[in-house]
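I opened my notebook for a first look at a new structure. Here is what I looked up, entry by entry.

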Amino acid sequence: MTEPAIARRAYDGDEPTGVVGFTAMADGTKADYELLDRYERRYVGQLPNRLIETLDTLTGSLGGYKITRLEHSLQTATRARLACADVSWSSPR
């Protein structure tokens, strides 16, 4: 194991910093998993922003079409919803 986890638990503002001391999950300490929990909570909290950023990339798509990929995606989703389509994900058999 490397340096003690307590020495690596720091914050940069609200952002956790540091890395865990284990290379195998079974060797993680309570402090290691508390650190990972901070990272996970921060990451999950930023999900709405990541989704908006991803959708925003669809507006600058390939030219030549009458609508953007974002507009196409929204139209497709709207039509599926209005048709009461099954939206559960399943892989093809």
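I began with the terms: helices (H or I, at least four residues) and strands (E, at least two) are DSSP runs, numbered from the N terminus. The model is predicted, so local features need pLDDT of at least 70 and side-chain atom pairs count only at pLDDT 80 or more, while totals for chains, interfaces and linings use all residues. Residues are numbered from 1 along each chain as its sequence is written, and side-chain values use heavy atoms, with hydrogens and water left out.

**Overall layout.** I found 3 helices and 2 strands in the protein chain. Read from the N terminus, the order is β-β-α-α-α.

**Helix H3.** I looked up residues 69–82, the 14 residues of H3. From first C-alpha to last, H3 reaches 20 Å, close to the 20 Å expected at 1.5 Å a residue (the expected span is 1.5 Å times one less than the number of residues). Just after H3, I noted Cys84 with a positive phi of about 55°.

**Cover.** I checked how much of the chain is buried (under 20% relative accessible area; exposed is over 50%, partly exposed in between; 1.4 Å probe, protein chains only). Of the 93 residues in the protein chain, 11% count as buried.

**Tyr33.** I located Tyr33 in helix H1, residues 30–45. Is Tyr33 buried, partly exposed or exposed? Tyr33 counts as partly exposed because its relative accessibility is 33%.

**Contacts.** With contact meaning heavy atoms within 4.5 Å, I looked at contacts in the protein chain with a separation of 6 or more: residues 24 or more positions apart account for 24% of them.
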